[in-house]
Amino acid sequence: MKLDNKLQARKNRMTEALQILGLARRAGAVAPGTAATRRSISQGKARVVLMAEDASSAQLDKIRRTMHKRIIPQVLLGNRATLGAAIGKAPITAVAVTDASLARRLLESIDGEIMVDEGRD
């Protein structure tokens, strides 16, 4: 029973995070796709980078290389289809949230459970 409660709590946190991501899209505070995410990181606009759990390692490596020596939280959140649907797009590998307040809310919503790392290399 406890395991079921933990799984449900994780699912609820993921749903909330995806809703906040949708809000960020409506606010114009996302950079969707690998190229836009990398550009956002390079320009210093990315506040959190969300990556699909089923993304190719080549795409994730491109993003992580761009983040070298930058302190930007990285989160694995759902699959490509889920990540794209949250912002009204086709499946995507990654999306950066560029608004600090929305990024903070998103990170709080997942409660540290889905975090990859803080982006410190």
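Contact here means heavy atoms within 4.5 Å, while helices (H or I, at least four residues) and strands (E, at least two) are DSSP runs, numbered from the N terminus. Everything below comes from a predicted model, where local features need pLDDT of at least 70, side-chain atom pairs count only at pLDDT 80 or more, and totals for chains, interfaces and linings use all residues. Residues are numbered from 1 along each chain as its sequence is written, and side-chain values use heavy atoms, with hydrogens and water left out.

**View A. Helix H3 and its cover.** Leu60, Ile63 and Thr66 are the buried residues of H3 (buried is under 20% relative accessible area, exposed over 50%, partly exposed in between, with a 1.4 Å probe and protein chains only). They cover an arc of only 125° around the axis, so they sit on the same side of H3; the arc is that of the directions from the helix axis to the C-beta atoms. In an α-helix there are 3.6 residues a turn, so residues three or four places apart point the same way. H2, E2 and E4 are among the elements covering the buried residues of H3.

**View B. A closer look at Thr66.** Thr66 belongs to helix H3. Its relative accessibility is 12%, which is why Thr66 counts as buried. Setting aside neighbours within four places in sequence, Thr66 touches Arg38, Ile41 and Ser42.

**View C. Helix H2 and its packing face.** Helix H2 spans residues 34-42, and its buried residues are Thr34, Ala36, Thr37, Ser40 and Ile41. Looking down the axis of H2, these fall within an arc of 165°, so they line one face of the helix. The partners they pack against are strand E1 (30-32), strand E2 (48-51), helix H3 (57-66) and strand E4 (94-97). After H2 comes Gly44, with a positive phi near 80°.

**View D. Strand E2 and the strands it pairs with.** E2 is covered on both faces: Val48 and Leu50 are buried on one side, Val49 and Met51 on the other. E2 and E4 pair antiparallel over four bridges (two strands pair if DSSP finds at least two bridges between them), and Met51 stands opposite Ala94 in E4. E2 and strand E3 (residues 74-76) run parallel, joined by three bridges. Here Met51 stands opposite Leu76 in E3. The chain gets from E2 to E3 through H3, a right-handed β-α-β crossover: with the strands pointing away from the viewer, the path from the first strand over the helix to the second runs clockwise.
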